[in-house]
Amino acid sequence: MPSEALRRALTDPGEPPLRPLPDEVAALLDRLAAPPRLAAHLRAVHDVAVTLADWLEKRHPEVDFDREATLFGAAVHDIGKTIHPGELSGPGSAHEQAGYELLLSQGISEERARFARTHAAWGEDVGVENLLVSTADKVWKAKRVEDLEQLLVDRLTVASGQSSWEVFLALDDILDRIAADADGRLAFQARHPASET
């Protein structure tokens, strides 16, 4: 049974309303006694990832991506902050490798655990799934990262055959709409304590 504070972070509707985490992830956070603020953050990023995945499927049905892996990755990307809780409120990247190892220790496959390790690093060799998780992890708080977004535009341009400019405008539009609700998501995260004490 999750603590009351963790239960609230997992079930509070939020404003704008946030989708719940996958049951598997909520149960994992409960087993790990995750900080409520981490659960709130994961819900915010997961919710944005669902919006991006929906947009991608509608706008670019020709793009082959693993929706389930993307949404799982968004839901667990910062799970290493259960081990490095100081990184919930301050800088640090120790949670990335720690989260990957933690997920593996919990029986999560390498293919799904990788998002904990890769969400803050992107490049030419990462898939659309990683780019979506990384983008969701930025734009949930209205942060726009030009290099990251350009990689996504490049992938979508190749897959769709559309002009880079057309793809960019459509992506920019959805990211602007997502960013418009950032204050609500930030307030939702801040409402939940960084620890149980």
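Reader: Is F168 buried, exposed or partly exposed, and what is its relative accessible area?

Author: Buried means under 20% relative accessible area, exposed over 50%, and partly exposed in between, with a 1.4 Å probe and protein chains only. F168 has a relative accessible area of 30% and therefore counts as partly exposed. W165, at 58% relative accessibility, is exposed. Please note that this is a predicted model, in which local features need pLDDT of at least 70 and side-chain atom pairs pLDDT 80 or more, while totals for chains, interfaces and linings use all residues. Residues are numbered from 1 along each chain as its sequence is written, and side-chain values use heavy atoms, without hydrogens and water.

Reader: How many aromatic pairs does the structure hold?

Author: Rings of Phe, Tyr and Trp (its six-membered ring) pair if their centres lie within 6.5 Å; planes under 30 degrees apart count as stacked, over 60 as edge-to-face and the rest as tilted. The structure holds 1 aromatic pair. W165 and F168 form this stacked pair, at 5.5 Å centre to centre with 25 degrees between the planes.

Reader: Where do W165 and F168 lie in helix 9?

Author: Helices (H or I, at least four residues) and strands (E, at least two) are DSSP runs, numbered from the N terminus. W165 and F168 are 3 residues apart in helix 9 (residues 164-179), so about one helical turn separates them.

Reader: How many helices and strands does the protein chain have?

Author: The protein chain has 10 helices and 0 strands. Of its 197 residues, 51% count as buried.
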